[in-house]
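Please read the following report beside the sequence and the model. It is written for a reader who meets this structure for the first time.

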Amino acid sequence: MTFPSRFPAPRAVLFDLDGTLADTAPDLAAAVNWLRTERGLDPTPYEILRPTASAGARGMIGAAFGLAPGDEGYEELRLAWFDRYQSAMAVHSTLFDGIAELLDGIAAAGMAWGIVTNKPERFTNPLVPQIGLAHAGCVVSGDTTPHPKPHPAPLLEGARRLGLEPAQCWYVGDDLRDIEAGRAAGMVTVACNWGYCGSIDPATWGADYQLDTPQHLLATLREVAQAVRAA
């Protein structure tokens, strides 16, 4: 594998949460289908809801009710969805296969790791320890800074909390806005094919890397660090 020489040795990896570190779609989907059932509607098939999970309420309500922000009834559903989801966030949510080993490998290599998500703090703070991520070096939520992704502010805050320059960090996500935020922050970007990825082909996002598994990411981090040292 050939690595661009402009990339510095990685000192930290920042991750999106939903669809990158954790498979949270089952609980996100259950919350929106509870809203449908409560209104006398049939549940929306899970295979329709899952790809939209990284977009949070906007994705779930859009897929389940055909409404977008600004539409009549959207805000009422959004608030109801928040309340329902908060009551059952970690029923079926788990880390993706290989994530625990990836994080252990990052730490063993002397790198830090953290979480930068658009999920509001009211969800992130209780969920993170319940799914085995309490040892994150930093956790930046969607309302931690004035601007969520794709604005670079949350990623820059993550780097600041780790005591690193943005260029020393990689950002890994499963949504176009993750890659846009990472580029804007001056970080190396990774599109993770194991996530939800939405309806836009990750190959078109402009990420520095597009990787299929957490194991592939760990191998790439090690090889880039080795290549930089050798240079």
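The model is predicted, and local features are taken only where pLDDT is at least 70, side-chain atom pairs count only at pLDDT 80 or more, while totals for chains, interfaces and linings use all residues. Residues are numbered from 1 along each chain as its sequence is written, and side-chain values use heavy atoms, with hydrogens and water left out.

**Aromatic pairs**

A pair of aromatic rings is described by the distance of the centres and the angle of the planes. Rings of Phe, Tyr and Trp (its six-membered ring) are taken as a pair if their centres lie within 6.5 Å, and planes under 30 degrees apart count as stacked, over 60 as edge-to-face and the rest as tilted. The structure holds six aromatic pairs. One of them joins phenylalanine 82 and phenylalanine 123, whose ring centres are 5.3 Å apart and whose planes stand at 65°, so this pair is edge-to-face. The two residues are 41 positions apart and link distant parts of the chain, with phenylalanine 82 in helix 4 (residues 74-86) and phenylalanine 123 in helix 6 (residues 121-130). Helices (H or I, at least four residues) and strands (E, at least two) are DSSP runs, numbered from the N terminus.

Another pair, tryptophan 170 with tyrosine 209, is stacked, at 5.3 Å centre to centre and with 15° between the planes. This pair also links distant parts of the chain, since tryptophan 170 belongs to strand 6 (residues 169-173) and tyrosine 209 to strand 8 (residues 209-211), 39 residues apart.

| Residue | Relative accessible area | Class |
|---|---|---|
| Phenylalanine 82 | 11% | buried |
| Phenylalanine 123 | 1% | buried |
| Tryptophan 170 | 0% | buried |
| Tyrosine 209 | 9% | buried |

Phe82 and Phe123 also belong to one aromatic cluster with Trp81 and Tyr85.

**Helix packing**

Two packed helices are described by the angle between their axes and the distance between the axes. Axes are lines fitted to C-alpha atoms, for helices over the stretch in contact, and angles run from 0 to 180 degrees between N-to-C directions. The axes of helix 1 (residues 25-38) and helix 3 (residues 56-65) come within 10 Å and cross at roughly 45°. Helix 1 and helix 3 are therefore oblique to each other, on a scale where angles under 35 degrees count as roughly parallel, over 145 as roughly antiparallel, 65 to 115 as roughly perpendicular and the rest as oblique. Their contact (heavy atoms within 4.5 Å) is made by Leu28, Ala29, Val32, Leu35 and Arg36 of helix 1 and by Met60, Ile61, Ala64 and Phe65 of helix 3.

The axes of helix 3 and helix 4 likewise come within 10 Å, and they cross at roughly 115°. Here the contact is made by Gly56, Ala57, Arg58, Met60, Ile61 and Phe65 of helix 3, together with Tyr74, Leu77, Arg78, Trp81 and Phe82 of helix 4.

**An enclosed helix**

Helix 7 (residues 153-162) has seven of its 10 residues buried, so it is largely enclosed by the rest of the structure. Those buried residues are Ala153, Pro154, Leu155, Glu157, Gly158, Ala159 and Leu162, and they pack against strand 1 (12-15), strand 4 (112-116), strand 5 (139-140), strand 6 and helix 8 (176-185). Just after helix 7, glycine 163 takes a positive phi of about 75°.

**Single residues**

Most residues other than glycine have a negative phi, and most peptide bonds are trans. Cysteine 197, in the loop between strand 7 (188-192) and strand 8, has a positive phi near 65°, and this cysteine is buried at a relative accessible area of 10%. A cis peptide bond, with omega about 20°, joins lysine 149 and proline 150, and proline 150 is placed in the loop between strand 5 and helix 7.

Glutamine 86, in helix 4, is partly exposed, with a relative accessible area of 35%. Not counting residues up to four places away in sequence, glutamine 86 touches Arg122 and Phe123.

How values were computed
Buried means under 20% relative accessible area, exposed over 50%, partly exposed in between (1.4 Å probe, protein chains only).
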